[in-house]
Amino acid sequence: MAKQEHLNDVEQLVLVAVARLGDGAYGVPIRTEIERTAGRRLSTATTYAALDRLESRGLLVHELSDPTPRRGGRRKKLYRVTTRGAEAAVAAREGLARLWEGVDLSSRRSA
């Protein structure tokens, strides 16, 4: 049995955003997707730190784009989720779903 990867909340957001965007996701669209879908703003530094951690753990990989004049000849890191990354994301979602089973907070919400 493979070691289960534990993801913090930012890592989960970034990993799932890359999965939503598909192969070729990079920094700005990843941040935009998280803000658009989860309503959470991440700084550029936080986003790239999470991308680096996820990649160092083998949950993401990247390739470099061709240089573009629009970026002053710089190349983009285009990320994709690995099989291990997909397994970690599913495990995190299932773990959270199990934690929520039987929890009813509706009576505790204020009007």
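Is Arg 57 buried, partly exposed or exposed? In this predicted model, Arg 57 comes out as partly exposed, with a relative accessible area of 22%. Its salt-bridge partner is Glu 5, and the closest N and O atoms of the pair sit 3.0 Å apart. Glu 5 belongs to the segment before H1 and Arg 57 to the loop between H3 and strand S1 (60-64), so this pair ties together parts that are 52 residues apart in sequence. Glu 5 itself is buried, at 9% relative accessible area.

The count of salt bridges comes to 8. Another of them pairs Glu 33 with Arg 20, at 2.6 Å from N to O. Glu 33 is buried at 9% relative accessibility, whereas Arg 20 is exposed at 52%. Glu 33 also meets Arg 36 in a salt bridge (3.0 Å, N to O). Arg 36 and Glu 33 are 3 residues apart in helix H2, so about one helical turn separates them.

As for the two helices, the axes of H1 (residues 9-21) and H2 (residues 27-38) come within 9 Å and cross at roughly 100°, which means that H1 and H2 are roughly perpendicular to each other. Among the residues making the contact are Leu 13, Val 14 and Arg 20 of H1, along with Ile 30, Glu 33 and Arg 36 of H2. By class, this contact has 9 nonpolar, 1 polar and 3 charged residues.

Over in helix H3 (residues 44-56) sits Thr 47, which is buried at 0% relative accessibility.

Note on methods:
Residues are numbered from 1 along each chain as its sequence is written. This is a predicted model: local features need pLDDT of at least 70, side-chain atom pairs count only at pLDDT 80 or more; totals for chains, interfaces and linings use all residues. Side-chain values use heavy atoms; hydrogens and water are left out. Helices (H or I, at least four residues) and strands (E, at least two) are DSSP runs, numbered from the N terminus. Buried means under 20% relative accessible area, exposed over 50%, partly exposed in between (1.4 Å probe, protein chains only). Axes are lines fitted to C-alpha atoms, for helices over the stretch in contact, and angles run from 0 to 180 degrees between N-to-C directions. Angles under 35 degrees count as roughly parallel, over 145 as roughly antiparallel, 65 to 115 as roughly perpendicular and the rest as oblique. Contact means heavy atoms within 4.5 Å. Ala, Val, Leu, Ile, Met, Phe, Trp, Tyr, Cys and Pro count as nonpolar, Asp, Glu, Lys and Arg as charged, and the others, Gly among them, as polar. A salt bridge is a side-chain nitrogen of Lys or Arg within 4 Å of a carboxyl oxygen of Asp or Glu.
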